[in-house]
Amino acid sequence: MTRITKAACIGGGVIGGGWIARFLLAGIDVSVFDPHPEASRIVSEVLANAEKAYAMLTGAPLPPRGRLTFETSLQEAVSGADWIQESVPERLDLKRRVLTEIDAAARPDALIGSSTSGLLPSDLQRDMKHPERLFVAHPYNPVYLLPLVEIVGGEKTSKATIETAMERLAPIGMKGVHIAKEIEAFVGDRLLEALWREALWLIHDDICTVETLDDVIRYSFGLRWAQMGLFQTYRIAGGEAGMRHFLAQFGPCLAWPWTKLTDVVDLDDALIEKIGKQSDEQAAGLSIRALERIRDENLVGILQALKTGNNGKGWGAGELLKDFERSLWAAGGGKTIAADPAGPLKLVETKVSPAWVDYNGHMTEHRYLQVFGDTSDALLRLIGVDLAYVEAGQSYYTVETHIRHLGEAKLGQAIHSTCQILAVDDKRLHLFHTIRDNESGAVLATAEQMLLHVDTEAAKATPAPAAVLDKANAIAAAHAKLPPPDGVGRHVGQKR
C-alpha cells in the first residue's frame, strides 16, 4: 500500500485546515500556502480542536505529529510533496489558475486533489499540462474526523491516479469512494442540496423555525443515517419483505406534490435576515469554535459507539475507525514511554478528556479501568502478545481486577500509568498498575489484576509459549527486586 510521505495544502480555511490537521495527526509533514493574513492563526485553532478530538477518539498510539510549515509561495509549498490538496474558494477561474500553477511546480509523480464541492474535474483540468493526475477529493467537515472522501476523475484523469489516491487515503483513516461518473456536486452534496432546498422553503413559509427543523433531523432520521444511511434504513422499513415491499408501499407517494425540490426559493434579504436571526437565537451565545468542539465531542461518541457495534466488529464509520486503530497499533505496538525493567514500566501516558469526566468533574470510574486495561495491553505487546498473536488464536484474558481510587483525576489533567509484574507462571500474569499525576507524581489509583492465557478458539486456559514467557519472566525477575507496591492483596473494606 502506497503512503503519503509529504503533503502540501493550498488554502487553509475550514476545509483546508481540516486537511492539514488530518495529515499532521497521521504523522505526515505538511507545507501550506495561503495568502490570508490570519491563515496561521486559523490553522492553529483548527489543529487544536483536532488534537482535542483525537485524544477522545482513540487510545491507539498516534505517530509523532508531522511538521507544519507555512511557505511564502505556492511553488515552495508544493516542492517535494506527493499529495497536493487544493482548497481555495469555489470559483472556477480561481481554481483553474491555482491548479495550473500547482501542475507546473509539482514533482512529476505528485497527485493533485481538489476539495471542490461541485465543480467538474474535467473543467478544472482544462489548462493543465499533466491533467491525468488531477482528481476531485471532496471531503466533509470536519475533515479530521469525518472519514469520507468522494474521489472523482475527469475526462483526462488516469485510472492509476484514482487507484493510487484511494490507496493513500486508508493509512490516514479515511475512506475514499469512487464516483463512477463526474456530475456537478457529485453525490453527497446533491443529497444535501435537496434537503437544504426543502428546508429553506419550510423556513420561508413559516412552517417551523431553524431550531425546530434541526430538532426534527437530529432526534429522528439523523440518528439512523449516522449508521445505516438511506437505503439500508428503508430496507428495514420494508419489514421482512425488504426493499421491494418498501418501494411498492411508498413509491406512489413520490408523485404527490409534497416537496418543492424543483422550485428555487428566493433567498432575498428578508429570508436571509430571518434565518440569521433564528440561527443566532439557536446558538445561544456559543462561539463558532465552541460549537465545533461540541460537534467534535458528539461525533467522537457516535464513532466510538459504531466501533463497538456488530458484535464488536464495528459498523460503518466505526468499522473504519477500528481498522485505522489496528494499523496504528501495528505501527506503534511494543513501543512504550519508558520500558526500563529496573522499575515499574511506564506504559501509558494520556490526558483526561471531556468525554471521560462525570457529573462531579472527575474522571469517571470506567475510564480508570480503561487506562488500566490499556496498560495491560501495552505490557502484552511488549512481551509479544500483539494483534498478530491474537489473530493466531491465543491471548491473555483479565479474570480479576481490584481497583483502588486514591485521588481525583480532573479534566485536562496529564496522567500516566505504570505496571509492575508480581508473578508469572505458564498460564497466569499477576500485575499491579498505578496511575499517577504527571506533574506531582501523586498516586491517583491502583489496580491489581490477574490475567489468564487462553486458547481463544477452544475457550480454555492454555500454557503460553516459551517466547512470551521468557520476556515476561525477564521483567518479573527485575521487578522481584522492587519492594511490593502498597495495596497488593488488599480486599474491599480492609483497614490500612
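Phe-246 is buried, with a relative accessible area of 11%, where buried means under 20% relative accessible area, exposed over 50% and partly exposed in between (1.4 Å probe, protein chains only).

Before going on, a word on the ground rules. This is a predicted model, in which local features need pLDDT of at least 70 and side-chain atom pairs count only at pLDDT 80 or more, while totals for chains, interfaces and linings use all residues. Residues are numbered from 1 along each chain as its sequence is written, and side-chain values use heavy atoms, leaving out hydrogens and water.

Now to the rings. The whole structure holds seven aromatic pairs, counted when ring centres of Phe, Tyr and Trp (its six-membered ring) lie within 6.5 Å, with planes under 30 degrees apart called stacked, over 60 edge-to-face and the rest tilted. One of them, Trp-83 with Phe-135, is edge-to-face, at 5.5 Å centre to centre and 80 degrees between the planes. This pair links distant parts of the chain, since Trp-83 lies in strand β4 (residues 83-86) and Phe-135 in strand β6, 52 residues apart. Trp-83 counts as buried at 0% relative accessibility, and Phe-135 is likewise at 0%. The Phe-246 and Phe-250 pair is tilted instead, with 4.9 Å between centres and 40 degrees between planes.

Ring pairs also join Trp-83 and Phe-135 with Trp-19 and Phe-23 in a cluster. That leads us to the largest nonpolar core, whose 39 residues include Trp-19, Phe-23 and Trp-83 as the ones touching the most other members. Such a core is a set of buried Ala, Val, Leu, Ile, Met, Phe, Trp, Tyr and Cys residues joined through side-chain atoms within 4.5 Å. Helix α2 gives the most to this core, eight residues. Apart from it lies another core of 33 residues, among them Val-348, Phe-372, Ala-378 and Ala-464.

Elsewhere, Thr-418 in strand β11 (residues 414-424) is buried at 11%. Not counting residues up to four places away in sequence, Thr-418 touches Pro-344, Leu-345, Lys-346, Thr-375, Phe-432, His-433 and Thr-434, a contact being heavy atoms within 4.5 Å.

Stepping back, the chain has 17 helices and 14 strands, and 42% of its 496 residues count as buried.

Methods: Helix = DSSP H or I, 4+ residues; strand = E, 2+ residues; numbered from the N terminus.
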